[in-house]
Amino acid sequence: MSNRKAELETLRADLKARLTKYEAHQQRQDGALEKDFEEQAVQTQNDEVVDSLETEARSELAQIEHALQRIAEGVGDECEGCGEEIDPRRLQVLPYTTVCVDCAED
Ligand SMILES: [Zn+2]
C-alpha cells in the first residue's frame, strides 16, 4: 500500500520532469522560421510527436494525481465503479488504476 503510494509519487515526479522537457522543446520552436523547408518539415513532425507525448503524459499525470487522492482518502484500493477491492496484482501492474478489472472492461 505505502509502496504503491511511493511508486505513484516517483511516477508523478518523472512525468513532471518529462512535461518540463516537452514544454522547453515547444518553446524552442518559436524561433524556427528561418530554417529551410525540409528541416521545418522534420521539425513539424517532431512537434507533433512531442505534442502527442505531452498530451499522453498529461492524462497519465491526471490519473496518477487522482489515484494518489483516493489513497489519501483511504479508498485507494477500492474500485471507483463498483466499490469492490481492486485485485492487488492489478494494482502492482497498474499502480495508477482506480477501477477493478471488470469495471475497466465496461
Ligand atoms: Zn469495479
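Student: What geometry does the site of the zinc ion have?
Tutor: Tetrahedral, with angles of 103 to 115 degrees among the four donor atoms. Keep in mind that this is a predicted model.

Student: What's the ideal angle for four tetrahedral donors?
Tutor: The ideal is 109.5 degrees.

Student: Which protein atoms are the donors of the zinc ion?
Tutor: The SG atoms of C79, C82, C100 and C103. They lie 2.3 to 2.4 Å from the zinc ion.

Student: What spacing do the donors follow along the chain?
Tutor: C-x2-C-x17-C-x2-C. C79 sits in the loop between α2 (37–72) and α3 (88–93), while C103 is in helix α4 (residues 101–105), so this pair ties together parts 24 residues apart in sequence.

Student: Is C79 buried or exposed?
Tutor: Buried, at 3% relative accessibility. C103 counts as partly exposed, at 22%. The cut-off for buried is under 20%.

Student: What does UniProt list for residues 76–106?
Tutor: An unreviewed entry there gives "domain: Zinc finger DksA/TraR C4-type".

Student: New topic. Where is T97?
Tutor: In the loop between α3 and α4. T97 is buried, at 8% relative accessibility.

Student: What does the T97 side chain make a polar contact with?
Tutor: The side chain of R90, at 3.1 Å. Leaving aside neighbours within four places in sequence, T97 is also in contact with R4, Q63, I86 and L91.

Definitions and conventions: Residues are numbered from 1 along each chain as its sequence is written. This is a predicted model: local features need pLDDT of at least 70, side-chain atom pairs count only at pLDDT 80 or more; totals for chains, interfaces and linings use all residues. Side-chain values use heavy atoms; hydrogens and water are left out. UniProt positions are given in the numbering used here, feature names are shortened, and annotations may be inferred rather than shown by experiment. Donors are N, O and S atoms within 2.8 Å of the metal (3.2 Å for Na, K and Ca); water is not among the atoms, so sites may look incomplete. Four donors count as tetrahedral if all angles lie between 85 and 135 degrees; four count as square planar and six as octahedral if opposite donors are over 155 degrees apart and all others between 65 and 115; anything else is irregular. Helices (H or I, at least four residues) and strands (E, at least two) are DSSP runs, numbered from the N terminus. Buried means under 20% relative accessible area, exposed over 50%, partly exposed in between (1.4 Å probe, protein chains only). A polar contact is a pair of N or O atoms within 3.5 Å; within protein, one must be able to donate a hydrogen and the other to accept it, and residues adjacent in sequence count only if both atoms are side-chain atoms. Contact means heavy atoms within 4.5 Å.
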